[in-house]
Amino acid sequence: KQQLAEFVQLFVEQKIRETQLTDGTVTEWGSVKHVTELERQVAEIQHRRKRSARGSAARADYRRAEARLKAELASARKASERRQLQEIPKEEI
């Protein structure tokens with residue numbers, strides 16, 4: 001039973017750590033490709049927000065989308081940093 005539980009936990013953790021990019025490819029959460037795509041999306045949303053009239057509903061919608069993307073980007077960067085720390089050999093610490 002314990003082996004099955006460990007397998008299921010590893011499987012679920014692996015699924016959580018993956019994300020689908022806009023081109024349809026699946027990559028690890030926090031990978032360079034993932035972070036780069038999120039940065040591109042934030043820049044695009046900021047551009048669209050700036051082109052919208054102040055006080056408009058569209059501008060407010062873009063602001064909310066920008067905030068959500070920035071939160072996702074921060075989470076992805078944190079995961080990337082954690083993974084990099086785990087990859088450092090213990091002799092170097």
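The model is predicted. Its chain holds three helices and two strands. Read from the N terminus, these elements follow the order α-β-β-α-α. The chain has 93 residues, and buried residues make up 24% of them. Contacts across the sequence were also examined. Among those between residues at least 6 apart, 41% join residues at least 24 apart.

The packing of helix 2 and helix 3 was considered next. Two packed helices are described by the angle between their axes and the distance between the axes. Here the axes of helix 2 and helix 3 come within 9 Å. They cross at roughly 160°. Helix 2 is therefore roughly antiparallel to helix 3, since an angle over 145 degrees counts as such. The crossing of helix 2 past helix 3 is left-handed.

On the side of helix 2 they include His34, Val35, Leu38, Val42 and Ile45. Glu39, Gln41, Gln46, Arg48, Arg49 and Lys50 of helix 2 also belong to the contact. Helix 3 contributes Arg59, Tyr62, Arg63, Ala65, Glu66 and Leu69, among others. Further along helix 3, the contact includes Lys70, Glu72, Leu73, Ala76 and Arg77. By class, the contact of helix 2 with helix 3 has nine nonpolar, three polar and 10 charged residues.

Charged pairs were then examined. Side chains of opposite charge can pair when their charged atoms come close. The structure holds eight salt bridges. One of them joins the side chains of Glu66 and Arg49, at 2.8 Å from N to O. Glu66 lies in helix 3, which spans residues 57–87, whereas Arg49 lies in helix 2. The pair therefore ties together parts that are 17 residues apart in sequence. Both Glu66 and Arg49 are buried.

Other salt bridges sit within a single helix. In one, the side chains of Arg40 and Glu44 meet at 3.3 Å, N to O. Both residues lie in helix 2, which covers residues 32–51. Arg40 and Glu44 are four residues apart, about one turn of the helix. Arg40 is partly exposed, with a relative accessible area of 41%. Glu44 is partly exposed too, with a value of 35%.

The side chains of Arg64 and Asp61 meet at 2.4 Å, N to O. Arg64 and Asp61 are three residues apart in helix 3, about one turn of the helix. Arg64 counts as exposed because its relative accessibility is 52%, and the cut-off is over 50%. Asp61, at 41%, is partly exposed.

Thr19 lies in strand 1, which spans residues 18–20. Its relative accessible area is 14%, so Thr19 is buried. Beyond its neighbours within four places in sequence, Thr19 is in contact with Thr25, Val26, Thr27, Trp29 and His34.

Glu37 is placed in helix 2. Its relative accessibility is 13%, so Glu37 counts as buried. Leaving aside neighbours within four places in sequence, Glu37 is in contact with Leu21 and Thr22. Leu21 is 16 residues from Glu37 along the chain. The C-alpha atoms of Glu37 and Leu21 are separated by 7.5 Å.

Lys78 belongs to helix 3. With a relative accessible area of 52%, Lys78 is exposed. Lys78 and Gly30 are 48 residues apart along the chain. Their C-alpha atoms are separated by 7.5 Å.

Notes:
Residues are numbered from 1 along each chain as its sequence is written. This is a predicted model: local features need pLDDT of at least 70, side-chain atom pairs count only at pLDDT 80 or more; totals for chains, interfaces and linings use all residues. Side-chain values use heavy atoms; hydrogens and water are left out. Buried means under 20% relative accessible area, exposed over 50%, partly exposed in between (1.4 Å probe, protein chains only). Contact means heavy atoms within 4.5 Å. A salt bridge is a side-chain nitrogen of Lys or Arg within 4 Å of a carboxyl oxygen of Asp or Glu. Axes are lines fitted to C-alpha atoms, for helices over the stretch in contact, and angles run from 0 to 180 degrees between N-to-C directions. Angles under 35 degrees count as roughly parallel, over 145 as roughly antiparallel, 65 to 115 as roughly perpendicular and the rest as oblique. A crossing is left-handed if the near helix is turned anticlockwise from the far one by less than a right angle, and right-handed if clockwise. Ala, Val, Leu, Ile, Met, Phe, Trp, Tyr, Cys and Pro count as nonpolar, Asp, Glu, Lys and Arg as charged, and the others, Gly among them, as polar.
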